[in-house]
Amino acid sequence: MFSEKRGNVLHGVLLIALFSFSAFYIAEFQFVKDLSFSPLIVGIILGMLYANSLRNHLPDTWVPGILFCTKQVLRAGIVLYGFRLTFQSVIEIGLPAILIDVIIVGATIGIGMFLGKLLKMGKDLALLTATGSAICGAAAVLGIEPVVKSEPHKTAVAVSTVVIFGTLSMFIYPVLYRSGILDLNPEQMGIYTGSTLHEVAHVVGAANAMGKEISDAAIIVKMIRVMLLAPVLVIMSFALARTAVKAVANGVKGSGAAVAKRGKITIPWFAFGFLAVIGFNSFDLLPHAVVDGINNVDTFMLTMAMTALGTETSIEKFKKAGAKPFVLALLLYVWLLVGGYALAKYLMPVL
């Protein structure tokens, strides 16, 4: 019985791995590179194509393996993501950039939750969308998903908003900078780009189009935002548990088991693992070739998680989510464009 169950998990994992290998292959196509679509984004697209075509023609016994990829593989991938970062990179860019990142992340999540309430969206979908815009796009959405405990299709919707507006930014930012509409010096433009664009790939694509001086600053600032994922996960975990407990005290309807589950504090241990790996990587103990290899494995694991999430997302579920998540993402995008510019233009000189 145990062997059969393990076999079922393996079937699902191998299916997702096959899709992920395909995602890496497709990501090497030139037109895909021009869009700066990472294998993660290609993976979720392939997963969604599968969900809306062959999903109902394969054995249900493969589902446990797919779910394994959306949970265990995902969390391990988030931990290994720390090998891309060092604490030295934070010190190098300086306090002003760190402060601007903290303001952007905190304000974007706060504004997202407020606007989500005005739009009468579910808190989980609003939080996923806001976190994706605030921190590091798809990786942040994946990181927060185990804490929020949302349905897979909602995670896919949140990732889709990141893809749309992040991709637009790669083309808009260089045009606005070169035309002089964004009156920023190279350092300010680097900080503006790194603190407001969604994906790491989006930052790299946009910043490289504006020159090395801007690119170097933008990527470091972006990495600082990625580091903020760990404390944000911990804070959200306690905040969500506290909200659930208050709801129970106010007599919110629901079964005792469901209420207890929502009110239980979920400590995201993978967030501490993420920070521990950053700390280890800061000592530069491993050869660069080994770190590069780990990063390649990590990208594959995150691609598997994204692909698995995509396989749980059908068109019907997108329709169920409606237009509100995209409206929220658009409003947050406007805030990032305007608010991020103001911080880079006027706060930087003061600091």
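**Ground rules**

I number residues from 1 along each chain as its sequence is written, and my side-chain values use heavy atoms, leaving out hydrogens and water. Since I have a predicted model here, local features need pLDDT of at least 70 and side-chain atom pairs count only at pLDDT 80 or more, while totals for chains, interfaces and linings use all residues.

**Entry 1: the whole protein**

I started with the secondary structure and found 18 helices and zero strands. Helices here are DSSP runs of H or I with at least four residues, strands are runs of E with at least two, and both are numbered from the N terminus.

Next I looked up burial: 52% of the 351 residues are buried. For my own reference, buried means under 20% relative accessible area, exposed means over 50%, and partly exposed lies in between (1.4 Å probe, protein chains only).

The protein exposes about 16200 Å², and carbon and sulfur atoms supply 70% of that area. These areas come from the Shrake-Rupley method with a 1.4 Å probe; for residues, only the protein chains shown count as cover.

I also checked contacts (heavy atoms within 4.5 Å). Of those with a separation of 6 or more, 83% are between residues 24 or more positions apart.

**Entry 2: helix H4**

H4 covers residues 63-80, which is 18 residues. From first C-alpha to last it reaches 25 Å, close to the 26 Å expected at 1.5 Å a residue. The expected span is 1.5 Å times one less than the number of residues.

Where is the kink in H4 centred? I found it on Cys69, at about 35 degrees. The bend at a residue is the angle between axes fitted to the seven residues ending there and the seven starting there. Cys69 is also one of the buried residues of H4, which include Ile66, Thr70 and Val73.

**Entry 3: H15, Asp284 and H16**

H15 (269-282) comes next in my notes. It has 14 residues and reaches 20 Å, close to the 20 Å expected. Among its buried residues are Phe270, Phe274, Val277 and Asn281.

H15 is followed by Asp284, which lies in the loop between H15 and H16. I noted that Asp284 has a positive phi of about 55 degrees although it is not a glycine.

H16 (288-311) has 24 residues. Its reach is 35 Å, close to the expected 34 Å. I marked H16 as mostly covered, with 17 of its 24 residues buried.

**Entry 4: another positive phi**

Lys120 sits in the loop between H6 (95-118) and H7 (123-134). Its phi is near 60 degrees, a positive value in a residue other than glycine. Lys120 counts as exposed because its relative accessibility is 71%.

**Entry 5: Thr155**

Is Thr155 buried or exposed? Thr155 is buried, because its relative accessible area is 0%. Thr155 is found in H9 (residues 152-178). Leaving out residues up to four places away in sequence, Thr155 touches Leu128, Val141, Glu145, Ser150 and Leu309.

Gly205 is found in H11 and counts as partly exposed at 24% relative accessibility. Gly205 and Ser215 are ten residues apart in sequence, and their C-alpha atoms are 9.0 Å apart.

Glu187 belongs to H10 (residues 186-196) and is partly exposed, at 47%.

Gly211 lies in the loop between H11 (200-208) and H12 (212-227). Gly211 is partly exposed because its relative accessible area is 27%. Its C-alpha is 8.6 Å from that of Pro186, 25 residues apart along the chain.

**Entry 6: the second largest pocket**

Its volume is about 550 Å³. The lining has 22 residues, of which Ser38, Pro39, Arg84, Ala201 and Thr299 lie nearest the centre. The elements that give two or more residues to this lining are H1 (2-27), H3 (39-51), H11 and H16.

On a 1 Å grid over the protein atoms alone, a pocket is an open set of points with protein on both sides within 12 Å along at least five of seven lines, and lining residues have an atom within 4 Å of a point. Points are joined across faces, edges and corners, and the volume is the space filled by probe spheres set on them.

How values were computed: On a 1 Å grid over the protein atoms alone, a cavity is a set of points where a 1.4 Å probe fits but cannot get out, and a pocket is an open set with protein on both sides within 12 Å along at least five of seven lines; lining residues have an atom within 4 Å of a point.
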